[in-house]
Amino acid sequence: MTIDRTILIVTFLVLMKTAVSQDTNPMALCRDVFVSFMPCMGFVEGVFQQPSPECCRGVRHLNNGVKLPPPGSREEHREIERVCVCIEIMANANHLPFLPNAISNLPLRCSLTLSFPISVAMDCSRLSAKNLDVERLN
């Protein structure tokens, strides 16, 4: 494990402690998202021109997890918000910003439609059931 990756993981843990209540285990909350989305970081930050196969598999895994609860259910909205918050933590913890072009190309390059929001200015606190339904229509 490189020094940069170690620093990144420690930073995630510190940010997660402040972002998540003490009652919830932060690593349990975001572990699967971190593992699934970590291979995409080089692409969304502009380090790599293409997402890796591991990135696309990870995003597909996250999509499948978001789609498990019944569409429109409270559980589905919670899962979308959880994935969003975990990716937001990753975006805020890293020294390189997400690039708008890379983010918009991620679904196309991985041949999928995202079931969760991702943007340059991640703000998952603004998610609501109404906003999520509108995003799905676009």
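Which cysteine forms a disulfide with C84, and how far apart are their sulfur atoms? In this predicted model, the partner is C124, and the two sulfur atoms lie 1.8 Å apart. The torsion about the S-S bond is -85°, and the link of C84 and C124 is left-handed. C84 lies in helix α5 (residues 74-93), whereas C124 lies in the loop between α6 and α7, so this pair ties together parts that are 40 residues apart in sequence. Both C84 and C124 are buried.

A disulfide is also formed by C56 and C110, with 2.1 Å between the sulfur atoms. The link of C56 and C110 is left-handed, with -75° about the S-S bond. Since C56 belongs to helix α4 and C110 to the loop between α6 (100-109) and α7 (129-137), the pair ties together parts that are 54 residues apart in sequence. The relative accessible area of C56 is 11%, so C56 is buried. C110 also counts as buried, at 3% relative accessibility.

C40 and C55 form a further disulfide, in which the sulfur atoms are 2.0 Å apart. The torsion about the S-S bond of C40 and C55 is about 105°, so this disulfide is right-handed. C40 is found in the loop between α2 (26-37) and α3 (41-44), and C55 in helix α4 (residues 53-67), so the pair ties together parts that are 15 residues apart in sequence. C40 and C55 are both buried.

The count of disulfides comes to 4. When the bonded cysteines of the chain are numbered in sequence order, the pairing reads 1-6, 2-3, 4-7, 5-8.

Conventions
Residues are numbered from 1 along each chain as its sequence is written. This is a predicted model: local features need pLDDT of at least 70, side-chain atom pairs count only at pLDDT 80 or more; totals for chains, interfaces and linings use all residues. Side-chain values use heavy atoms; hydrogens and water are left out. A disulfide is a pair of cysteine sulfur atoms within 2.5 Å. Helices (H or I, at least four residues) and strands (E, at least two) are DSSP runs, numbered from the N terminus. Buried means under 20% relative accessible area, exposed over 50%, partly exposed in between (1.4 Å probe, protein chains only).
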